[in-house]
Amino acid sequence: MTALGANTTYFDQHFYFPPSARQDQGLTNWNYQSAAIRKPMKSEGRNFEYIAVIPSFSNEARTALDDQISSLRRDYGFADNAVVTDFLFGHRSIRTALKDALPQLRATFGVDKIFNLEVSKDEDGSETMYAVAVWHEDVWRASEALHSFLENWWLQRMNAATSDLAFVYKLV
Amino acid sequence: MATAPFDWNEYLNLASTLSANADEASQRTATSRAYYTAFHAATLHAKHNGYAERSHGRLWKMYSSDADINARRISALGNQMKKAREDADYVAAVPRMSDIMMQQLADANTFVALLAQVPPTSPQPLPPSPPKVCRNCGAVI
């Protein structure tokens, strides 16, 4: 893109614009909140009491999120607490899927089985969370249990939002 | 003179040959090669729809997000094989390596048969990964 003007030069270096925005060469585009430095509206003062409430909503949401992850920590082993927690913070659909999956996992693998969460990072930076059933018995039975879990539950629920999650087993 | 493309199924033949050996190096290599047969077969299949990446993670995510149930089966099996491959290639102490290898070979054969049932229109390539954002400060990492 040819830089035309100081604003364009600055934004080119510091912000990512979607391809559609790049076609507006020579124009300053103020539609992006991340890029635009906005002066407060004159009427904003009237909304002060509402704005002041926002941090408490935020705290409540944060507490709910912490509770959800603590609940998962009781049900699953976290292979690396910091890495797994960080991953879960950013994947709401996966948190929900893991919570819903546990009864199904216990029904197919066994109520006495341990289920761990691990995060695998590829060379290209993409991450996958493995929900790992720890298996002591015959390997073919582990394969059967996984097959049953997939066919009876997970395959119907897989979608783009949960594509970073995979259910596997590990022999010990 | 153009070189004929390598047939990735040769990796599965090699894995099968290695599986006759009792040493752990052979078992680990067989586990790894069997995975790569699956990985390359799935990549070649996806190329029909414009897929042009080498990422393991994004390949299985692409199959996982697809509307076709056999594509999703491929993703689930591919991830199980990938996990076994990662352990075989990177973890020093892996219990029951022989069992893992035998299951990996069986999974690779299942995989090839299953992939043949995925329609040529599947999977559709994923959009580019969005930039990662720090959850504390909102900055792009």
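**Chatting about chain B and a pocket**

Visitor: What order do the elements of chain B run in, from the N terminus on?
Guide: Chain B reads α-α-α-α-α from the N terminus on. Keep in mind that this is a predicted model.

Visitor: OK, and how many helices and strands is that?
Guide: Chain B has 5 helices and 0 strands.

Visitor: What size of box do the C-alpha atoms of chain B fill?
Guide: Roughly 50 × 40 × 40 Å, taken along the principal axes.

Visitor: Let's talk packing. How do you even describe two packed helices?
Guide: You give the angle between their axes and the distance between the axes.

Visitor: So what's the angle for helix 1 and helix 2 of chain B?
Guide: Helix 1 (residues 9-18) and helix 2 (residues 24-47) of chain B cross at roughly 160°, and their axes come within 8 Å. Angles over 145 degrees count as roughly antiparallel, so that's what helix 1 and helix 2 of chain B are to each other.

Visitor: Is that crossing left-handed or right-handed?
Guide: Left-handed, for helix 1 of chain B passing helix 2 of chain B. On the helix 1 side, the contact residues include B:Tyr11, B:Leu12 and B:Leu18, and on the helix 2 side they include B:Ala30, B:Arg33 and B:His40. By class, this contact of helix 1 with helix 2 of chain B has 8 nonpolar, 5 polar and 1 charged residues.

Visitor: And how far apart are the axes of helix 4 and helix 5 of chain B?
Guide: Those axes are 10 Å apart, and helix 4 and helix 5 (residues 97-115) of chain B pack at about 155°. Helix 4 and helix 5 of chain B are therefore roughly antiparallel too, and their crossing is left-handed.

Visitor: Which residues meet there?
Guide: Among them are B:Ile74, B:Leu77 and B:Met81 from helix 4 of chain B, plus B:Ile100, B:Phe111 and B:Leu114 from helix 5 of chain B. The residues of this contact between helix 4 and helix 5 of chain B split into 11 nonpolar, 5 polar and 3 charged.

Visitor: New topic: how much space lies in the second largest pocket?
Guide: About 410 Å³. It's lined by 23 residues, and the closest to its centre are A:Ser120, A:Lys121, A:Asp122, A:Glu123 and B:Glu86.

Visitor: Which element gives the most to that lining?
Guide: Helix 4 of chain B, with 6 residues. Helix 4 (81-89) and strand 2 (115-121) of chain A each supply at least two residues as well.

Visitor: How does the lining of the second largest pocket divide by class?
Guide: That lining has 8 nonpolar, 3 polar and 12 charged residues.

Note on methods
Residues numbered from 1 in each chain as written. Chains lettered and ligands numbered in written order. Predicted model: local features only at pLDDT ≥ 70, side-chain atom pairs only at ≥ 80, totals over all residues. Heavy atoms only, no water. 1 Å grid on protein atoms, 1.4 Å probe; cavity = no way out; pocket = protein on both sides within 12 Å on 5 of 7 lines; lining within 4 Å. Points joined across faces, edges and corners; volume = space filled by probe spheres on them. Helix = DSSP H or I, 4+ residues; strand = E, 2+ residues; numbered from the N terminus. Nonpolar A, V, L, I, M, F, W, Y, C, P; charged D, E, K, R; others polar. Axes fitted to C-alpha atoms, helices over the stretch in contact; angles between N-to-C directions. Parallel < 35°, antiparallel > 145°, perpendicular 65-115°, else oblique. Left-handed = near helix turned anticlockwise from the far one by under 90°. Contact = heavy atoms within 4.5 Å.
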